[in-house]
Amino acid sequence: MEQEVQVKENFDYKKIDEIIKKYKKDDGMLIRILQRTQEAVGYLPLEIQSYISEKLGIPISTINGVVTFYSLFTQEQQGQYTIGVCMGTACYVKGAQEVVDAIRDELQIDVGETTMDKLFTLKTSRCIGACGLAPVITINENVHGRLSPADVPSILYKYIKTHKKTRVEESLSKVGDKNGA
Ligand code: FES
């Protein structure tokens, strides 16, 4: 029988309950529940691991072991845009480290960190199979190739501008809704 669990943070626990209910009888249900929860919440902080642990009656150490073992899971909140700098051989030889340094300078974060405004997370990756475009970075699903460190500010600025435009459009549509437009 499921336990009542006290919650502190403002996560969508109703959604997590639905996920648990849907998958708890499946084989490999823990991984599936963690995957679906991460899709819904964006990451798997300890509060959520502990909630799932109590709901499923599985020790938190087991759940945390799974979360830390698989690289697809993250315990940190990610930025809206994840930058992946390829550090494969072709990209490395063509200056990937300089590109990483330029991004770090521009965003004032280290690899593995997220900007304060939660807009960008910086990561490195292995070869993504676009060696002909080396050095390569991905920003979410977009690939940017043949980069030099000098290209970094303008590329990042495009995402910042898109984000701001989306925010303004959202605000305007809310005003429109309020006015019955
Ligand atoms: S080494 Fe970077 S894409 Fe292959």
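**Close-up views of a predicted model**

**View 1. Helix H6 against the sheet.** Helix H6 (residues 96-107) lies across strand S1 (81-86), S2 and S3, running at about 150° to S1, where contact asks for C-beta atoms, placed from the backbone, within 7 Å, and angles run from 0 to 180 degrees between the N-to-C directions of axes fitted to C-alpha atoms, for helices over the stretch in contact. Helices (H or I, at least four residues) and strands (E, at least two) are DSSP runs, numbered from the N terminus. This is a predicted model, in which local features need pLDDT of at least 70 and side-chain atom pairs count only at pLDDT 80 or more, while totals for chains, interfaces and linings use all residues. Residues are numbered from 1 along each chain as its sequence is written.

**View 2. The open sheet.** Four strands, in the order S2-S1-S3-S4, form an open sheet with mixed pairing, two strands being paired if DSSP finds at least two bridges between them. Strand S2 (120-125) and strand S4 (142-144) are the edge strands, each pairing on one side only, and the twist averages 20° from one strand to the next. Strand S3 (residues 137-139) pairs with S4 in the antiparallel sense over three bridges, and Ile139 has Asn142 in S4 as its bridge partner.

**View 3. Helices H1 and H3.** The axes of helix H1 (residues 13-23) and helix H3 (residues 46-56) come within 11 Å and cross at roughly 45°. Tyr13, Ile16 and Ile20 in H1 meet Ile48, Tyr51, Ile52, Lys55 and Leu56 in H3.

Notes: Contact = placed C-beta atoms within 7 Å.
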